[in-house]
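Try each task before you read its solution.

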Amino acid sequence: MDIEERIETLLGTEAWLIDILPKTVPGNAGGRYFAVAEMLRRGRAEIDRRFLSFVLKLYCYTDVILCARSLTCDDPEPEELAEVLTRCFETEDYAHILLPEHDAMLSVMDGGDLYLVLYHPDDELKELAAALAGAEGFFFYPAPL
């Protein structure tokens, strides 16, 4: 199976969020979430720094395959990983980070999102992601279906 097929397969699996909030905001919140999210996006530098720190710390524990718009790279240098993620945070770009040892994937979407998505994590990866998320002031929980 090639990388693009693997990404498509993983996108259809169980997803967990690394989020600024401890759970999904209910639909009856009267639009408050969107107003707060817009305010937080205006001062994203701190959130982006913490997301980058989460990913770099995760990178210390497992091999990665970085897949971005025009790049696929096995075990990129930390600087290259940081550069690609920073571009995602600042634009409408994206990156998928395959974690082959765990048959999982972390998706970093454009600068509009205030969460990361971890697909198909095994128990060991869930434990690690929860610890790293908490250390950065994030919450780790299953994405709603």
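## Exercise 1: a tyrosine in a strand

Y119 has a relative accessibility of 10%, so it counts as buried (buried is under 20% relative accessible area, exposed over 50%, partly exposed in between, with a 1.4 Å probe and protein chains only). Before going on, note that this is a predicted model: local features need pLDDT of at least 70, side-chain atom pairs count only at pLDDT 80 or more, and totals for chains, interfaces and linings use all residues. Residues are numbered from 1 along each chain as its sequence is written, and side-chain values use heavy atoms, with hydrogens and water left out.

Task: find the element that holds Y119 and list what the residue touches.

Step 1. Y119 sits in strand β6; helices (H or I, at least four residues) and strands (E, at least two) are DSSP runs, numbered from the N terminus.

Step 2. Skip residues up to four places away in sequence, and Y119 touches L10, L11, T13, E14, A15, A104, M105 and S107. Contact here means heavy atoms within 4.5 Å.

## Exercise 2: the chain as a whole

Task: work out how the chain is built, and compare its radius of gyration with that of a compact globule.

Step 1. Count the elements: there are five helices and seven strands. Along the sequence they run α-β-α-α-β-β-α-β-β-β-α-β.

Step 2. For 145 residues, a compact globule would have a radius of gyration near 15 Å, and the chain has 15 Å, so the two agree. The radius is taken over C-alpha atoms, and the globule rule is 2.2 Å times the number of residues to the power 0.38.

Step 3. Look at the span: the C-alpha trace covers about 45 × 30 × 30 Å along its principal axes.

Step 4. Of the 145 residues, 46% count as buried. Among contacts between residues at least 6 apart in sequence, 62% join residues at least 24 apart.

## Exercise 3: the nonpolar cores

Task: which residues of the largest nonpolar core touch the most other members?

Step 1. Set the rule: a nonpolar core is a set of buried Ala, Val, Leu, Ile, Met, Phe, Trp, Tyr and Cys residues joined through side-chain atoms within 4.5 Å.

Step 2. The largest core has 36 residues, and I18, F54, L85, I97, L106 and L118 touch the most other members. Elements giving two or more residues to this core include β1 (15-19), α3 (45-59) and β6 (115-119). The largest share, seven residues, comes from α3.

Step 3. Zoom in on L85: beyond its neighbours within four places in sequence, L85 is in contact with L52, V55, A95, I97 and V108. A second, separate core of 12 residues includes I7, I65, V117 and Y141.
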